[in-house]
Amino acid sequence: MSNSQEETKGPGVLITFEGGEGAGKTTHITFLASCLRAMGREVLCLREPGGTSIGEAVRSLVLDPNNANMSDQTELLLYEAARAQIVREVLIPALARGAVVLLDRFYDSTIAYQVYGRGLPESFVRQANGFACQGVHPCRTILLTTDASAEEGLRRATHHGNADRLELEGADFHTRVNQGFFRIAAENPERVRVVSSSGSKAQTARKIFFELKDVFGWSESSEILKPEFFEAINNRNTDHKAQISDGD
């Protein structure tokens, strides 16, 4: 996908962040949002499932470890229901008024988790994605990868305890998911940009900003792309999941 206004349903910008467990999406979404706001942009930070009262209720249901008997088909339809709600209630109006939307997971996660992870039919999942998205597509997707095993990613994601239902699926499942993300990136090189988060936060942030420079019109000589600009991220406690929920 290119970064056309047609695809974002308005003059706004939709950027999605994808990746396996423990890749650091929240940290980098929060840092990017703070920088864009300092430049005078309206920014919404959202997550899937979530971002609306209905979506957050679905999130609680689908990620609850007590719902271990949930069928794969039910899981898919719950994700799509939450997506349809956030697209209609939040994304379309925000993009129409020119906002920047930073979204933690979107339809690529459904392909990675429900097709590659669960083994559901890809053709049906893509149809369900299209129905829920209502013509909304990201102009750019940042795929964060840890360059580590699925086991290590799970350890990072669950080091505070309280693993959710998907995090409890185990390393084999998450290995398939990670492989799925790389296949998605290979199939969509213009839209999906792979960024390793194995270095420092500052190094990773700079790579992300470089992959977005054409979206925001930053030249390679811009002050915002100089290494010292990114040192601020090392002094910020940005890894706080509550910051990405109902429109930040």
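Which residues in α4 meet Tyr 107, Thr 110 and Gln 114 in α5? In this predicted model, they are Glu 75, Leu 76, Tyr 79, Glu 80 and Arg 83, where a contact means heavy atoms within 4.5 Å. By class, this contact of α4 with α5 has 3 nonpolar, 2 polar and 3 charged residues; Ala, Val, Leu, Ile, Met, Phe, Trp, Tyr, Cys and Pro count as nonpolar, Asp, Glu, Lys and Arg as charged, and the others, Gly among them, as polar.

The axes of α4 (residues 72-96) and α5 (residues 107-117) come within 11 Å and cross at roughly 175°. Helix α4 is therefore roughly antiparallel to α5, the term for angles over 145 degrees. Such axes are lines fitted to C-alpha atoms, for helices over the stretch in contact, with angles from 0 to 180 degrees between N-to-C directions.

Residues are numbered from 1 along each chain as its sequence is written, and side-chain values use heavy atoms, with hydrogens and water left out. Local features need pLDDT of at least 70 and side-chain atom pairs count only at pLDDT 80 or more, whereas totals for chains, interfaces and linings use all residues.

The chain as a whole comprises 10 helices and 5 strands, taken as DSSP runs (H or I, at least four residues, for helices; E, at least two, for strands) and numbered from the N terminus. Of its 248 residues, 53% count as buried, that is, under 20% relative accessible area with a 1.4 Å probe and protein chains only. Among contacts with a separation of 6 or more, 79% join residues 24 or more positions apart.

The structure also holds 11 aromatic pairs, defined by rings of Phe, Tyr and Trp (its six-membered ring) whose centres lie within 6.5 Å. One of them joins Phe 216 and Trp 218, which are stacked (planes under 30 degrees apart), at 5.1 Å centre to centre and 25° between the planes. Both Phe 216 and Trp 218 are buried.

Helix α8 (residues 171-187) contains Gln 179. The C-alpha atoms of Gln 179 and Tyr 116 are separated by 7.8 Å, although the residues lie 63 apart along the chain.

Mean pLDDT, the predictor's confidence from 0 to 100, is 89 for the chain, and 88% of residues reach 70 or more. Over residues 1-6 the pLDDT stays under 50, and over residues 238-242 it is below 50. Where pLDDT is low, predicted coordinates should not be read in detail.

Note on methods: Angles under 35 degrees count as roughly parallel, over 145 as roughly antiparallel, 65 to 115 as roughly perpendicular and the rest as oblique. Rings of Phe, Tyr and Trp (its six-membered ring) pair if their centres lie within 6.5 Å; planes under 30 degrees apart count as stacked, over 60 as edge-to-face and the rest as tilted. Buried means under 20% relative accessible area, exposed over 50%, partly exposed in between (1.4 Å probe, protein chains only).
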